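Open the model in your viewer and keep the selection tool at hand. This tour tells you what to select at each stop and what to look for there.

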Amino acid sequence: MTTAAVPTADSTEKSVRRGRSSRPATGVGRPGFAWAAPAAVFFGLFALVPLVLVVVLSFTRWNGLGSPEFAGLDNWSRLLDDPVMVKSLWLSLLLTVLGVVVQTPISILLGVWAAGRQRNRAVLSAIYFVPLLLSITAVSVLWRAVLDPNFGVPSQAKWLFGDGNLFGTQTGALGVLVFVSTWQFTPLHTLIYQGAARAVPGVLYEAARIDGAGTVRQFFHITLPQLRNTVVTSMILMVVGGLTTFDTVLILTQGGPGTDTTNSAYYMYQKAFKSFDFGSASAIALLLVLVATLVSLVMVRLTGYDRMRSTMEGV
Amino acid sequence: MKRHIRLLRTAVVGGASLAMTLSLAACGGSGDSAGGGSDEIHVLVYGDATNKVEKQLVDTFNKTSKVKAVLDTIPGADYQSKLQTIISGKQAPDVFFNWGGGSIKPFVDAGLLMPLDDFIAKDPGLKSHFLPSVFDTAVVGGKPYGIPMRGTQPVLLFSNKKVLADAGVTAPRTWDELLTTVKALKAKGITPIALGGGDKWTTQMWFQYMYDRVAGPELFQKAVSGDKSVWASADSRKALDKLKELIDAGAFGTNYDSVKFTDGGSPALLASGKAAFELMGSWEYSTLQDAYPDFVKSDLGYGPFPAVEGGKGGPDNLAGNTNNFYSVLKNTEHPEAVAEFLKLMYSDEFVKGQLSIGNLPTTTNTAKFLDGSANPAYSTYQYDLVKKAPHFQLSWDQAYPPAATTTIHQAVQQFFNGQTGPDAFIAAMQSLPAA
């Protein structure tokens, strides 16, 4: 989009100037670079500058007191030998994949359903969106209490939960993490899919109905293909959210049992604000940036996002 | 280069200190702290119910002092992290709360703290009015760096007397009795011991006492001062074996890692009679008093950790937090005012105030006022325990510097729930940085 916008910068400015001096604007010009300038400045200040500083910090030894001292590749070599680090990267990826796999189908179905005109739809949709309005911290504390083995739901449903040791096993703890983030974030993605499903032209369905296609066939042959761009958008959000999952881990599992749910984001926090080892923490942060970049490149390739063109006329 | 470093620090600490500045500004007392030549000293404390007494002492101090004290509080468990981000910067306090031992070691190493020798030389009371085993916790490298400023927190074995009576057992005095009691309670379908393993430091309490009883306090003393070989000693393995025996006997049930103390899970187990014991710091009393006053009145029992036959550590040894301390920053502009302020920590007013909210100060004049405490019997019991204890082991995660905490917590949890064996535990403890 930026490539399309840059060449038009001049014309936009001219038209704006002309608009001011002589006649009322004949219409809003295409987005020019000037439009992006504030965002670019903020991005540079709050994303690029810190990133560079983190790179510098990853080559130092610093516990937050006094000045950082240069440590060469020390942090990096220690990190690559660190089994917890390797495990934490896998856990980050696992949590991401599980999040996408679980949330995508649910939110597509809910979103398409919510785009319809059924009775009570509006009321039910409103209820679905409630989790989105709650703070993730509150949500985590709430679920921690609900899942307490002795006083929560597991104590009442022993046939399902056994002794209720959900946070004491890796499977259980990961399950809770995936469940809680699904519970909280599915509404967001449902909202996105709802919007997209409503934008599908009605004539397509009319034509399909005339041809005798049922609801299921309509869904797979019209709705789903039309949602393709939205799926990619929603998945990118999920991947970004999944890789940086932190608050739920902090409150629900604290990375435990042992290091079984210590994902990279939480491990970085532990290194920085529990062990006061800012050098290692910065190195972990950079590794996470690298992995995220890699993942998004792969996604862009696999989904054909790079070849997608806007269907908006004239852009 | 200097500028780069400053920029770097500003950026990293920026977020945290920005939040700090806001919150500090928000809780009254504006104006600069160390810098700026103001007539104030800033006292930074852990924000909780005890602040009531601290506020009162600050008011008392301000009545007579020309230099005014300002109390700043950082709420919650993030105290240590936030302290570390501000202590070398402009918002550094003049006096701050800590746990002594390893918790202040990095600050001492960075040359930020003032040794209190001069204060004590001018006013010997700053040392002589405190119980020695407690005062010594804040001695780093042979120099005193802290004045006790709250109540002592030994870890005790709390029990539900009704549950014990129903099962026909009494509180165990020895390790073997504990194992028998566990069997009897299990036969009754009760979880013998409540444990909030989700917090990890609660699990650590069992290690502290086992090592003390089996190997004596010397083992940990050596370990924390850098002799890593002791972790692999026969005594160390024996302590782990005994602990394993208790775990395998089902003393803690099977879901302790999903229970927490901090959200009231394990105290609820004890109070509701689903469990018979809980090993917890003396604050358990006020925690339970708050949530289950009826239970505390009629059925709450408390006693020392059982003795271990043939072990090297005496049954009177304690573990826990000896007390909290006030340490002083080297660059404070008003050392005389700070010295005057610290004197209040052994005043009658301080002792009475702490006792009235259930804390047990560790000054020599505490005994005089025990009758006026929230629960005289409990306070007297605790005071005698601390006074006669030959050794008071500071919690492991406070004795080691903060950098070790995560590793300790993971190691104790993994050994306890069977994810790792003794060898892995020993290796983890040997990897810790010395204090």
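Select V249(A) and show its neighbours. Leaving out residues up to four places away in sequence, V249(A) touches L177(A), Q254(A), G255(A), T261(A), N263(A) and Y266(A). Touching, or contact, means heavy atoms within 4.5 Å. V249(A) sits in helix α15 of chain A. Helices (H or I, at least four residues) and strands (E, at least two) are DSSP runs, numbered from the N terminus. V249(A) counts as buried, because its relative accessibility is 0%. Buried means under 20% relative accessible area, exposed over 50%, and partly exposed in between (1.4 Å probe, protein chains only). Now draw a line from V249(A) to Y266(A), C-alpha to C-alpha: they are 17 residues apart in sequence and 7.0 Å apart in space.

A word on the model before you move on. It is predicted: local features need pLDDT of at least 70, side-chain atom pairs count only at pLDDT 80 or more, and totals for chains, interfaces and linings use all residues. Residues are numbered from 1 along each chain as its sequence is written, chains are lettered from A and ligands numbered from 1 in the order in which they are written, and side-chain values use heavy atoms, with hydrogens and water left out.

Next, select Q254(A), one of the residues that V249(A) touches. Q254(A) lies in the loop between α15 and α16 of chain A. Its phi is positive, about 50°, although Q254(A) is not a glycine. Is Q254(A) buried, partly exposed or exposed? Q254(A) is partly exposed, because its relative accessible area is 22%.

Stay in chain A and find P257(A). P257(A) is in the loop between α15 (247-253) and α16 (264-274). Look at the bond between G256(A) and P257(A): this peptide bond is cis, with omega about 0°.

Now go to S58(A), in the loop between α3 and β1 (60-61) of chain A. S58(A) is buried, because its relative accessibility is 0%. Beyond four places in sequence, S58(A) touches N75(A), W76(A), G279(A), S282(A), A283(A) and L286(A).

Select F42(A), in helix α3 (residues 33-57) of chain A. F42(A) counts as exposed, because its relative accessibility is 53%.

Switch to chain B and select α11 (residues 217-224). Here P217(B), L219(B), F220(B), A223(B) and V224(B) are buried. Seen down the axis of α11(B), the buried residues fall within an arc of 160°, so they line one face of the helix. That arc is taken from the directions from the helix axis to the C-beta atoms. The buried residues of α11(B) pack against α10, α12 (234-248), β13 (392-394) and α20 (396-399) of chain B. Just after α11(B), G226(B) takes a positive phi of about 115°.

Find K200(B), in the loop between β8 (191-194) and α10 (201-215) of chain B. K200(B) has a positive phi of about 70°, although it is not a glycine. K200(B) is buried, because its relative accessible area is 7%.

Last stop: show both chains. How many residues of chain B are in contact with chain A? There are 41, and they meet 36 residues of chain A.
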